[in-house]
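I opened a new model today and kept notes as I went. The entries follow in the order I looked things up.

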Amino acid sequence: MNHFMIGEQIQKFRKEAGLTQKELGEALGISSSAVSQWETGGTPDISLLPALADRLGVSIDALFGREEVTRENMDEALPVYLASLPESKRLEESCRLMCKVMYSFLMIPSAIRIF
């Protein structure tokens, strides 16, 4: 887990929400110094993630730098996803995904699908 990424995301979303560290801390029942620590490499307690995401108006995935995959960002998301896998699994997963795309495109009945 990249702690610095989480902090960058928290800071980015906090600023986009127009909140100070103090305001975010108060909303979560923690100190502004705790928020500052998160933004400089610390990590929030896991129990705070739902409230933190809700207050910032984002998903928990967004706090970890993961975006929802849409048509618009698929070209970027797929290589990132494949790169996150162990090298030995990348080809297998690429083939599996390609088969799913082909099956959905061809609308092959699910009874004869192998994946």
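This is a predicted model: local features need pLDDT of at least 70, side-chain atom pairs count only at pLDDT 80 or more; totals for chains, interfaces and linings use all residues.

Is Arg14 buried or exposed? I looked it up, and Arg14 is buried, with a relative accessible area of 7%. My cut-offs: buried is under 20% relative accessible area, exposed is over 50%, and partly exposed lies in between, with a 1.4 Å probe and protein chains only.

Residues are numbered from 1 along each chain as its sequence is written, and side-chain values use heavy atoms, with hydrogens and water left out.

Entry: I placed Arg14 in helix α1. Helices are DSSP runs of H or I with at least four residues, strands are E runs of at least two, and both are numbered from the N terminus. I then listed contacts (heavy atoms within 4.5 Å). Leaving out residues up to four places away in sequence, Arg14 touches Leu19, Thr20, Gln21, Leu24, Val35, Glu39 and Leu56. I ran Leu24 with the same exclusion of residues up to four places away; its partners are Ile10, Arg14, Leu19, Val35, Leu52, Arg55 and Leu56.

**Entry: the core.** I searched for nonpolar cores, meaning sets of buried Ala, Val, Leu, Ile, Met, Phe, Trp, Tyr and Cys joined through side-chain atoms within 4.5 Å. The largest has 15 residues, and Ile10, Leu24, Trp38, Leu52, Leu56 and Leu63 have the most contacts inside it. Two or more residues each come from α1 (3–16), α2 (21–28), α3 (32–39), α4 (49–56) and α5 (60–63). Helix α4 gives the largest share, four residues.

**Entry: α6 against α7.** I checked how α6 (residues 74–84) packs on α7 (residues 87–106): the angle is about 140 degrees and the axes are 9 Å apart. Axes are lines fitted to C-alpha atoms, for helices over the stretch in contact, and angles run from 0 to 180 degrees between N-to-C directions. The two helices are therefore oblique to each other. On the contact side, Leu78, Tyr81, Leu82 and Ala83 of α6 meet Arg90, Glu93, Ser94 and Leu97 of α7.

**Entry: whole chain.** I counted seven helices and zero strands. Buried residues make up 25% of the 115 residues. Of the contacts with a separation of 6 or more, 43% join residues 24 or more positions apart.

Conventions:
Angles under 35 degrees count as roughly parallel, over 145 as roughly antiparallel, 65 to 115 as roughly perpendicular and the rest as oblique.
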